[in-house]
Each structure stands twice: as structure tokens, then as C-alpha cells.
Amino acid sequence: MDRHEVVIAVYDGVQLLDAAGPLEVFDGASRLLAGRYRVRLASLGGRDVVTSSRVRLGVEVALEEITELGTLVVAGGEGIREAISDAELIGQIRRLAGLAERITSVCSGAFLLAEAGLLDGRRATTHWAMCHELAASYPAVTVEPDSIYVRDAPLVTAAGVTAGVDLALTLVEDDHGAEPARTLAKWLVVFLQRPGGQSQFSVWNSAPPVDDRALRELLGDISACPAGDYSVPAMAARLAMSPRHFTRLFTREVGTSPGRYVERARVEAARALLEAGRGGVARRCGFGSAETMRRAFLRQLGVPPSAYRDRFRTAG
């Protein structure tokens, strides 16, 4: 019987859940499938590491000692800044990537893969709060900010923290089919395939800094009163511009079209009302109808308002 070797690379400041999530899935799969996986934590020198939550992790093997490998999992965490500056760690990740059948990362672990040059010319994701930084720091990487995980074989990168569970489940499904993965998902009380993308978890700044003062005031009003008339003609008239000139200015300064920006600002306002259990959300946020709001939520978040409300409203 072939046993698939899984190594989770850790370091001081690693996020505990980034490592523990995949570990629990692969360990559970090994028990379910009669030892088909062996999963080990590895660090430089085989030294124990201290997580960002100050929990000490016992490490089983040194990265330098590994000569055979099926899946490499690179965890993220608060210690990522120091980790990407560690030439020895980067060198070992690059070496192990050459041995592995597949290379994966969880959360900010994508920065280590990028620093090692493994994501150049490839698609990837990371935690929603760090996607912009990843794209800016490594322009050769195509970052997909809304994805829970991104496949670009032989690499698979996952979003933040608990997305490592999603990642590991899909790898088990790749290896052994849907039934074992489904059984594990039920046991762990998680979705086998999480509905929607990262956008439903992110916090969006609806008023980005712009140079034009009148436009800056307009953006503030859109956030403060999303139910107003924000058609292109109305906004252009407010700034004493033609609709065409206004659209060019808006897109250049804000980075997206006026219509797309207004829709996103309204979705953001609706999210807050749904989380608070308020009624009349479509009207309050300027959608006009519940169906219009539903379509906007599906475009922006990948889930309808009802699902978002049920998932994120307060327990009270």
C-alpha cells in the first residue's frame, strides 16, 4: 500500500489553525483510509516552534532531512515577515517544491511560495486582507482575491486560516474520491464545498482616497446615504461634468466604473443591516426591489442576501 507523505512547514509565529486545519483533515483521512497518509510538522533544524497564539508545537522532522514528499503545505501566520527574510527557510521550501507532487499554501503562506519564486506566472490567493499586498509585492503573480482556494497545478493556494480545511478536503477528494472527503467534512462539521467566495468575509472600504475634492465628497455621500440617486447623469450633473467626462474621471480615480462602485457600496451597506437583523434592507440601500438586491449580492459576494443573513447575523 502506497502512503502519501504530507509535510506542513512551520516556523515561529505561524498561525495555529493554518497548520492544525490541514493536519486534522489529513490525519482523519489516514484513519478513515487505513493509513494512506502520513502527515508531519517540519521546521528548520526540526526545532519546536511557537505559534502566534503562543502555543508551542512539537515538530517531528527537520525540513533539511526530507528527501521524499507527496504534498508540501506551507502555513501562514504573523511571523510571515521574518519568515520571508529567512534565506535558509526559502531555500528549503524551494528544494522541497522540487520533490513534491503538489505544493500548497494556507493564508499568508503564499508569500513564502512567492518569495521562493514558485508563484511567478501563476494564479494564487491568500487571506482577503493581504491580497493587495501579495499582488503589489510580487507582480509576476496573478492574485485572485475572491477565491477560497486557487488551483494552478501543481500548486494550490488557499485563503485565510480555516480555508486550509477546504484545501485539505479537496486534496483528499482528488486522491480518493468524494465519499471519504464528504465523510470527513461531516465529521468536522464543515462544508465540503463552501458556498460563495472570500468577499462575503472581507471588510471593504467604500470610500478610497482620491485627489479630486468634489469626487471625494461624492464618495462619502454614497457611503453615508446609499439610497440616493447615483445614476451617472445625476452624479455628473453634481460635479458639473458631462456623463462621459465624469465616467472617465471616476474610473481613473477610483479604479472601477461608477455603476460597479455604487452597487458595491450598496451591498456593503446592506450587509451591515442584514447582520444587525434589520428589515426593509433593499429600500434603505437603494436597490429598489429585493430581486435587484439579490442579483447584486450574487455578483458581489456569490451568495444571496438570505444566505448571508443566516450566516452572519448576530445570535441575539
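A residue counts as buried when its relative accessible area is under 20%. By that cut-off, Thr104 is buried, because its relative accessibility is 0%. This briefing concerns a predicted model of a chain with 316 residues, of which 48% are buried. The chain contains 14 helices and 11 strands.

**Overall form**

- The C-alpha trace of the chain spans about 70 × 40 × 35 Å along its principal axes.
- Of the contacts in the chain between residues at least 6 apart in sequence, 63% join residues at least 24 apart.

**The surroundings of Thr104**

- Thr104 belongs to strand β7, which covers residues 102–106.
- When neighbours within four places in sequence are set aside, the contacts of Thr104 include Thr71, Leu72, Val73 and Val74.
- Leu113, Val156, Leu167 and Leu171 are also in contact with Thr104.

- Four residues of helix α7 (residues 178–188) are buried, namely Pro180, Ala181, Leu184 and Ala185.
- These buried residues line one face of α7, because they fall within an arc of 135° when seen down the helix axis.
- Val189 follows α7 and has a positive phi, near 60°.

**Helix α11 and its partners**

- Helix α11 (residues 258–275) and helix α14 (residues 305–312) have axes that come within 9 Å and cross at roughly 50°.
- The two helices α11 and α14 are therefore oblique to each other.
- The crossing of α11 with α14 is right-handed.
- On the α11 side, Arg271, Leu274 and Glu275 make this contact, while α14 contributes Pro305, Tyr308, Arg309 and Phe312.
- The residues in the contact of α11 with α14 comprise four nonpolar and three charged residues, with no polar ones.
- Helix α8 (residues 213–224) also packs with α11, at an angle of about 35° and with the axes 9 Å apart.
- Here Leu219, Ile222 and Ser223 of α8 meet Tyr261, Val262 and Ala265 of α11.
- The contact of α8 with α11 is made up of five nonpolar residues and one polar residue, with no charged ones.

**Backbone features in the loops**

- The peptide bond from Ala153 to Pro154 is cis, and its omega is near 5°.
- Pro154 is located in the loop between β10 (149–152) and β11 (155–158).
- Val161 is a residue other than glycine with a positive phi, near 50°.
- The loop that holds Val161 runs between β11 and α6.
- Val161 counts as partly exposed, because its relative accessibility is 22%.
- Ala240, likewise a residue other than glycine, has a positive phi near 55°.
- Ala240 lies in the loop between α9 (232–238) and α10 (243–254).
- With a relative accessible area of 74%, Ala240 is exposed.

Methods
Residues numbered from 1 in each chain as written. Predicted model: local features only at pLDDT ≥ 70, side-chain atom pairs only at ≥ 80, totals over all residues. Heavy atoms only, no water. Axes fitted to C-alpha atoms, helices over the stretch in contact; angles between N-to-C directions. Parallel < 35°, antiparallel > 145°, perpendicular 65-115°, else oblique. Left-handed = near helix turned anticlockwise from the far one by under 90°. Contact = heavy atoms within 4.5 Å. Nonpolar A, V, L, I, M, F, W, Y, C, P; charged D, E, K, R; others polar. Buried < 20%, exposed > 50% of the residue type's maximum accessible area, 1.4 Å probe, protein only. Arc of directions from axis to C-beta.
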